[in-house]
Amino acid sequence: MKKRLLILLFAALPLTGRAQDSLGVGARTAARLNPLSGEAQTLLYNAAPSFTQVDAGYLLRAEDQAFLPQEGRGLGEFFVKADARHRLNRNTAVSGGASYRRGVRRGVFMNTSSDWELLYPYHTADTVGGNLQKEQYSFNGAYVHRMGRWFVGGALDFRALHEYRSVDPRPRNITSELNGSLTAGLETGGHALSARLLIGKYHQSQDIEFMDPRGHNTSILHMTGLGQHYGRFSGSGSSTDARFRGLTAGAAFCLEPLSGEGAFARAGYTLHRYVRHIKNQNEAPMSRLYVHEVSAVGGWKNGRTLYRGTVLYEYRRGLEGVLDVKGAYQSLTDLPLYGQHRLSARADAVLNFPGASALWSLRPRLGAETLQNANLNPYRALSLTAADAGVSACRLSHSGKWVFLLEGALDGHFTLARRLSLPSEKTDPALLGIYSALYGRWADHWGTLRLGSSLTRELSAGMALNVSLQAEGRLYATGHRMGGVSASIGLIF
Amino acid sequence: MRKFLPLILALCLLSGCSRDNIWCQLVLVPQMPEGEEIAALTIDSSLQGNYLRNINTLETYNFPALVGGRLRLTVLKGFYAISFDGVAELSSGREKKVRFTAYSTEANSVCLVEDECTLTLPLIVLK
């Protein structure tokens, strides 16, 4: 543990003390906490000053009944992380980060895979569930350099995750993910126009064991769409071990103002491909999932306000392999059996009101989302339309050696329509009951209240101590509840 | 257009395009050993030994009625195990107990991945 912490600290230390900003650490912290900072996509045009921050903390979240049982109904996690962003000179900026997280995901149900949100509907599951121990490392870095009117940059992002359970069924999932991007751009007409290429690789190796001498307490299911599963390889033997291989490719274009004030726009397309293999059956390619993501963001900002609109479209297309029976386990053809369209539109604003002793800020937001989800055989369908609205308010003050941020947010989520079709025909009655209840929750409405504070005290001209506290509570219309708190302490350079 | 074909194919492969027809129009033609014409075939799909089962999804299908000497149904493309005992009513009016087991296990299951498939089922007459 000590060694891991040292690695994280050493990862951040090379970036300290190189900042070209002449501001003290208190002023830099206040500028960074301003809700208007951080909008810029290119490091060079980020108005927030340089910083390095190292934090350690604890995060606790619990629900009385899980909204997404596949992710668990609770999380307890210790973390230590280091983040830095520095402008080395007028034409060069770098950023870097590292984190270590160790904890427990509680009450994970109908899922034994890691990264459910990436991989669904093609994950493995069991009907017993339980807690999953987790340990995650992540590292990231980015560099951008300007040459005249042109600038180039690159970024790398790596994550390693280990999740396991020490009672039956005992999944052990080892995940690694590496993403990189290259950016090239041109400054023209008061704006920077840039293009970014993304590429990434994902791998998850999953082994599931049963060690109870009294016998196996469940079967492992290779899930497909909306509660269906690939029956041939279900059970508790070696054919339940899976491997997920993923590839990511994408491109994005970005327009942003050089001065930090004016119109900005971004648009991008990303394709993820995840193939699920059965490890002990000649790496049989059981299913392929293609996730197409299209995003567009546009807005305008000046020194006091920001208005932004965002549209996201995601299409998940799942293909199941027809695996041969002669022992080679090749897929003779892939059948497109699953599809999900998700479209969301969102508008938000940041309105800053500078006062004599503090900066007040309001962030109203409004959004809508529609989702169409279908499994073709046997036919199952789920459609959902929802809207949400919320507002955040914060007060930021910098007085002497103290920087104090107090914020609160209130959000409401309203499900306007939900249609669920899960016919009992050709479905295991137990699974039908589980998934009817699981998707039944999706018709719920809820309200969320968040409160947070951050207190920073300058210790010297170049160093400050930061303590942050956040609390969150959610109440569903059906009476279910969720709560969470996080606390961290750290140093800012 | 032709010069863009490799690019279109590459994009198609990358994005997961494939033929969208997931169904196979299956025609089963039961055949008596002596070639007698079958007027009707009764198969009790509720019996465990009588099945038309997709090997990968384990989905089972009921046997339809014999029409014009053929059983026609639409199935998901895949490998299928087929096995049944039934009663064949011949055009002469006689009834015979028959059995089909040529595709009864996973190892000798039949591959149905074309849009249309016709299978001849040579029946065994039970004493």
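1. A:E283 sits in the loop between β11 (262-278) and β12 (284-301) of chain A. Strands here are DSSP runs of E, at least two residues long, and helices are runs of H or I, at least four long, both numbered from the N terminus. Phi of A:E283 is near 55°, a positive value in a residue other than glycine. A:E283 is partly exposed, with 13 other C-beta atoms within 10 Å. The classes are buried at 20 or more other C-beta atoms within 10 Å, exposed at 12 or fewer, and partly exposed in between, with C-beta atoms placed from the backbone.

2. Residues are numbered from 1 along each chain as its sequence is written, while chains are lettered from A and ligands numbered from 1 in the order in which they are written.

3. On confidence: pLDDT is the predictor's confidence in each residue, from 0 to 100. Chain A has a mean pLDDT of 91, and 95% of its residues reach 70 or more. Residues 12-20 of chain A stay under 50, and the model has 22 contacts for them beyond four places in sequence. A contact means C-beta atoms, placed from the backbone, within 7 Å. Where pLDDT is low, the predicted coordinates should not be read in detail.

4. A:M110 also has a positive phi, about 55°, although it is not a glycine. A:M110 lies in the loop between β3 (92-108) and α3 of chain A. Is A:M110 buried or exposed? A:M110 is buried, with 23 other C-beta atoms within 10 Å. Most residues other than glycine have a negative phi, and most peptide bonds are trans.

5. Two cis peptide bonds deserve a look. A:Y120 and A:P121 are joined by one, with omega about 10°. A:P121 falls in the loop between α3 (116-119) and β4 (124-125) of chain A. The bond from A:N377 to A:P378 is cis too, with omega near -15°. A:P378 is in the loop between β15 (359-375) and β16 (380-399) of chain A.

6. Now the sheet pairing in chain A. Strands count as paired if DSSP finds at least two bridges between them. β8 (residues 191-209) and β10 (residues 242-257) of chain A pair antiparallel over 16 bridges. A:Y202 has A:G246 in β10(A) as its bridge partner. β10(A) also runs antiparallel to β11(A), with 14 bridges. Here A:A251 stands opposite A:Y269 in β11(A). The hairpin of β10(A) and β11(A) has 4 residues between the strands, and A:G260 takes a positive phi near 85°.

7. Chain B comes to 1 helix and 9 strands. Of the 127 residues in chain B, 25% are buried. Among chain B contacts between residues at least 6 apart in sequence, 67% join residues at least 24 apart.

8. Strands β5 (residues 78-90) and β6 (residues 95-103) of chain B run antiparallel, joined by 7 bridges. B:E89 is opposite B:E95 in β6(B). The two strands form a hairpin with 4 residues between them, and B:G93 in the turn has a positive phi of about 100°. β6(B) pairs antiparallel with β9 (residues 124-125) of chain B as well, over 2 bridges. In that pairing B:R99 stands opposite B:I124.

9. How many residues does each chain give to the contact? Chain A gives 22 residues and chain B 20. On the side of chain A, the elements giving two or more residues are β11, β12, β13 (305-323) and β14 (331-354). β14(A) supplies the largest share, 6 residues. By class, this side has 12 nonpolar, 4 polar and 6 charged residues. Nonpolar covers Ala, Val, Leu, Ile, Met, Phe, Trp, Tyr, Cys and Pro; charged covers Asp, Glu, Lys and Arg; the others, Gly among them, are polar.

10. Last, the cores. A nonpolar core is a set of buried Ala, Val, Leu, Ile, Met, Phe, Trp, Tyr and Cys residues joined through C-beta atoms within 7 Å. The largest has 56 residues, and those with the most contacts inside it are A:L119, A:Y274, B:Y80 and B:I82. β5(B) gives the largest share of this core, 6 residues. Leaving out residues up to four places away in sequence, A:Y274 touches A:L118, A:L119, A:Y122, A:Y202, A:F244, A:G246 and A:L289. A second, separate core of 9 residues includes A:F51, A:A82, A:A84 and A:F493.

Technical notes: This is a predicted model: local features need pLDDT of at least 70, side-chain atom pairs count only at pLDDT 80 or more; totals for chains, interfaces and linings use all residues. Two residues are in contact if their C-beta atoms, placed from the backbone, lie within 7 Å.
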